[in-house]
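Please keep the sequence and the three-dimensional view side by side while reading. The paragraphs below lead from helices to strands and then to contacts between side chains.

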Amino acid sequence: MKLYDNENIGISREKTCCSLDDIEDARAVSYKLNMPYYVFNFKAAFEENVIRKFISVYESGGTPNPCIDCNRYLKFNALINRANELKFDYVVTGHYARIEYDNYSGRYLLKKGIDDTKDQSYVLYFLSQNQLAHILLPLGNYRKAEIRAIAEENGFINADKKDSQDICFVPNGDYAGFIENHTGKKYPSGRFITECGEILGTHNGIIRYTMGQRRGLGISYSEPLYVCGKNIVKNTITLGNVNSLFAKDVIANDINLISVPYINSPIKLQAKTRYNMIAQSCTAVQLDDNTIKITFDKPQRAITKGQALVLYDNDTVVGGGTII
C-alpha cells in the first residue's frame, strides 16, 4: 500500500513502516519469489482516516493510536475490498497474532501470537467475523527470531531490517511539530494548574502533552508532578503527584466484540489500556450496543483518552473499544 509521499511528510527510511523504501523492499522479495507485485495508492483514505483523526484526537485532548486506525481502515478495509475486487480469497499480513475457528460458538477467534514480546493482537481488536474469515496471519505461530532466520535462509533483503518504532508519518517522533506543519495552526500557550486550581506556570500548547508525562514540564515543585488532566475549553493542563495517575474504572465506546456477540452480564476478564502493558484482571460490563465499562481489580496508571481498551480471556481477544 502506498499511503503517503515521503517527501511530503519529510521522513527518511529509518525506524518507520510503510515508507517508499518498504515498498521497494517488498518488490525485491516478491521478485525473488516470482510473485506478481502491485502497489495500491491509498493516500486519500490514509489522509482522511488516519492523519486527520490523529490530529483531531490530539486537538480534543486525547492521545490517538494511528497504527490501529491504519490497520482498521486501510489494511483490513481498503485492502480487503481491493482483494475482493480482484477475486482473491485472503489478505495475508505479518501481524504476530493467530486466527482460529471455534466450532462450538461458530465464531472466528483472534488470539495472541505465541511470541509474547511481539504479540500484536491488541491492534487488531476491531476485526469483524467476515474480516477474520478472509485473513491469514501465518507469523502468529512463530517467534520473531525464527522469522528472521527463515528470511535470511531465503536471502531476503529485509531479513535484518530494524523493527518499526515510530509513527510512520511523524519524523523523529515530533508529533506536535507534524500537527502544526500539517494544519498550519499554532497552538497557544496556557496555564499549568494543580488539581486545586493553583497556577503553577505556563505550558507550550496543549497538544504537546500526554497523560502521565513528567519530563519536559519545566515546573519546579516540592514533589514530582505529572500530567493528570487536560481541559481543552480552558486550555489548561492539570498536574498532580503520582497517585493522581491511578484509576480503576474505564469506559470505552466504538466497541467491537469478537469471541462473543454481546456481554450480557458482568464477566471477569483481563484488559490492556495500552499496547505494551501486561493485561490486568478486571470485571467488564456492556452498558449498551456501543459502550463497555470495566473495573480493574487494582488501580492502573495513566489510562488515556483516545487509546484502545482491549479485553482478553487468557490468550483470546474478547473485543475492545476506544477509551473515552
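A residue is called buried when its relative accessible area is under 20%, exposed when that area is over 50%, and partly exposed in between. The model examined here is predicted. With these terms in hand, one may turn to helix H7, which spans residues 175–183. Its buried residues are Tyr 175, Ala 176, Gly 177, Phe 178, Ile 179 and Glu 180. After H7 comes Gly 184, with a positive phi near 75°.

Helix H6 covers residues 144–153. On which side of H6 do its buried residues lie? The residues concerned are Lys 144, Ile 147 and Ala 151. Because they span an arc of only 60° around the axis, they are placed on the same side of H6.

The next element to consider is an open sheet. Four strands make up this sheet, in the order E6-E5-E8-E7, and their pairing is mixed. At the edges are strand E6 (199–203) and strand E7 (226–231), each of which pairs on one side only. On average, and with direction ignored, neighbouring strands of the sheet are turned by 30° against each other.

Strands E6 and E5 run antiparallel and are joined by 4 bridges. Across this pairing, Gly 190 is opposite His 203 in E6. The two strands E5 and E6 form a hairpin with 4 residues between them. Within the turn, Gly 197 has a positive phi of about 95°.

Is strand E5 mostly covered or mostly uncovered? Strand E5, residues 190–194, is mostly covered, as 4 of its 5 residues are buried. Towards E8, strand E5 pairs in the parallel sense, over 4 bridges. Within this pairing, Phe 192 has Ile 237 in E8 as its bridge partner. Strand E8, residues 236–240, also pairs with E7, in the antiparallel sense and over 5 bridges. There, Tyr 226 stands opposite Gly 240 in E8.

Contacts between charged side chains come next. How many salt bridges does the structure hold? There are 14 salt bridges in the structure. One of the pairs is Arg 72 with Asp 254, whose closest N and O atoms are 2.9 Å apart. This pair links distant parts of the chain: Arg 72 belongs to helix H4 (residues 66–85), Asp 254 belongs to strand E9 (residues 246–257), and 182 residues separate them. Asp 254 is partly exposed, having a relative accessible area of 27%.

A second pair lies within helix H4. Glu 85 forms a salt bridge with Arg 82, and the closest N and O atoms are 3.4 Å apart. Because these two residues are 3 residues apart in H4, about one helical turn separates them. Glu 85 counts as exposed because its relative accessibility is 56%, while Arg 82, at 25%, counts as partly exposed.

The salt bridge between Arg 143 and Asp 115 has its closest N and O atoms 3.8 Å apart. Arg 143 lies in the loop between strand E4 (135–136) and helix H6, and Asp 115 lies in the loop between strand E3 (107–112) and helix H5 (129–132), so this pair ties together parts that are 28 residues apart in sequence. Are the two partners buried or partly exposed? Arg 143 counts as partly exposed, at 42% relative accessibility, whereas Asp 115, at 7%, counts as buried. Elsewhere, salt bridges that share partners connect Arg 98, Glu 100, Lys 111 and Asp 315 in one network.

Finally, the surface also has a nonpolar feature. Tyr 90, Val 92 and Leu 136 make a nonpolar surface patch of about 280 Å². Of these residues, Val 92 is located in strand E1, which consists of residues 91–92.

Conventions
Residues numbered from 1 in each chain as written. Predicted model: local features only at pLDDT ≥ 70, side-chain atom pairs only at ≥ 80, totals over all residues. Heavy atoms only, no water. Patch = residues over 30% accessible without salt bridge, like charges linked within 9 Å, V, L, I, M, F, W, Y side chains within 5 Å. Areas by Shrake-Rupley, 256 points an atom, 1.4 Å probe, with all protein chains shown as cover. Salt bridge = Lys/Arg side-chain N within 4 Å of Asp/Glu carboxyl O. Buried < 20%, exposed > 50% of the residue type's maximum accessible area, 1.4 Å probe, protein only. Pairing = 2+ DSSP bridges. Axes fitted to C-alpha atoms, helices over the stretch in contact; angles between N-to-C directions. Arc of directions from axis to C-beta.
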